[in-house]
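Reader: I would like to learn how to read a helical model. Please take me through it feature by feature.

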Amino acid sequence: MRRVISPELGPEGTFEFAARTFAVALHEGLSRVTPPWAAPGQGAAWSSRPRPPAAHIALLRAHREEILTDLADALAAAPATAGHADARQPSGPLVDWARAVLAAADGHGTPSHLGGKAPLPPAPQLELTVATLLLECTVRRLPDVPARELALRALGRALRGDHVPG
């Protein structure tokens with residue numbers, strides 16, 4: 001390896017010059033990169049990446065299928081218990097409606113398996129029962145974490161119709 005020593009700077013001056021040059025080049029390079037915590041739109045490298053969902057949205061998405069399974073089980077007995085005349089109504093359409101409500105609560109549109117069409121809400125005499133059971137199943141399935149309250153609020157807004165499809 002050949003040592004380069006500038007006759008004007010001497011050995012210490014050469015090291016100092018190289019260190020300053022390196023520091024300037026490093027600063028220029030790093031100034032072109034936007035860190036992930038920077039505000040959106042401050043760099044091409046990070047702006048194209050999707051943002052992770054909020055904690056309450058991720059919570060609803062992670063437990064959606066468990067909630068819907070519980071709901072389907074509860075719906076098997078609910079109409080007769082609630083005194084509705086047609087206790088034989090299939091629970092499939094009711095679960096599809098609940099799935100659409102959960103999708104609305106977590107910011108998604110109509111679930112893809114429904115072909116982009118919003119399912120019809122349950123008959124008026126069943127809607128309150130299904131909505132109550134959906135809330136009950138959600139409360140039972142969501143873990144006790146700080147995001148739980150926001151998840152339940154989002155579901156409540158969706159059930160009130162603020163974001164409910166159909």
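This is a predicted model: local features need pLDDT of at least 70, side-chain atom pairs count only at pLDDT 80 or more; totals for chains, interfaces and linings use all residues.

Reader: What is the secondary structure of the protein chain?

Author: It comes to seven helices and zero strands. Along the sequence the pattern is α-α-α-α-α-α-α. Of the 166 residues in the protein chain, 32% count as buried. Among contacts with a separation of 6 or more, 65% join residues 24 or more positions apart.

Reader: How should I read a helix length, and what span should the 14 residues of α5 have?

Author: Compare the expected span with the distance between the end C-alpha atoms. At 1.5 Å a residue, α5 should span 20 Å, and its end C-alpha atoms are 20 Å apart, which agrees. For α6, the 18 residues should span 26 Å, and the end C-alpha atoms, 26 Å apart, agree with that.

Reader: How do I read a helix pair? At what angle do the axes of α5 and α7 cross?

Author: Take the angle and the axis distance together, then the handedness, then the residues in contact. The axes of α5 (residues 92-105) and α7 cross at roughly 120 degrees and come within 8 Å. That angle makes α5 oblique to α7. The crossing is right-handed. On the α5 side the contact is made by Trp97, Val101, Leu102, Ala104 and Ala105, and on the α7 side by Ala154, Leu155, Ala158 and Leu159. By class, these divide into nine nonpolar, no polar and no charged residues.

Reader: Where is Arg153, and is it buried or partly exposed?

Author: Arg153 is found in helix α7 (residues 147-160). It is partly exposed, with a relative accessible area of 47%. Arg153 and Ala105 are 48 residues apart in sequence, and their C-alpha atoms are 8.7 Å apart in space.

Reader: Now the second pair. At what angle do α3 and α6 pack?

Author: Helix α3 (residues 55-75) and helix α6 (residues 124-141) pack at about 130 degrees, with axes 8 Å apart. That makes α3 oblique to α6. Their crossing is right-handed. From α3, the contact involves Leu60, His63, Glu66, Ile67, Asp70, Leu71, Ala74 and Leu75; from α6, Val130, Leu133, Leu134, Cys137, Thr138, Arg140 and Arg141. The classes here are nine nonpolar, two polar and four charged residues.

Reader: Which residues of α6 are buried?

Author: They are Leu126, Val130, Ala131, Leu133, Leu134, Cys137 and Thr138.

Reader: What about the loop between α5 and α6: is Asp106 buried or exposed?

Author: A residue's position in a loop and its accessibility are read separately. Asp106 is placed in that loop, and at 2% relative accessibility it counts as buried. Leaving out residues up to four places away in sequence, Asp106 touches Ile57, Leu60, Arg61 and Arg64. Just after α5, Gly107 takes a positive phi of about 90 degrees.

Terms used. Residues are numbered from 1 along each chain as its sequence is written. Side-chain values use heavy atoms; hydrogens and water are left out. Axes are lines fitted to C-alpha atoms, for helices over the stretch in contact, and angles run from 0 to 180 degrees between N-to-C directions. Helices (H or I, at least four residues) and strands (E, at least two) are DSSP runs, numbered from the N terminus. Angles under 35 degrees count as roughly parallel, over 145 as roughly antiparallel, 65 to 115 as roughly perpendicular and the rest as oblique. A crossing is left-handed if the near helix is turned anticlockwise from the far one by less than a right angle, and right-handed if clockwise. Contact means heavy atoms within 4.5 Å. Ala, Val, Leu, Ile, Met, Phe, Trp, Tyr, Cys and Pro count as nonpolar, Asp, Glu, Lys and Arg as charged, and the others, Gly among them, as polar. The expected span of a helix is 1.5 Å times one less than its number of residues. Buried means under 20% relative accessible area, exposed over 50%, partly exposed in between (1.4 Å probe, protein chains only).
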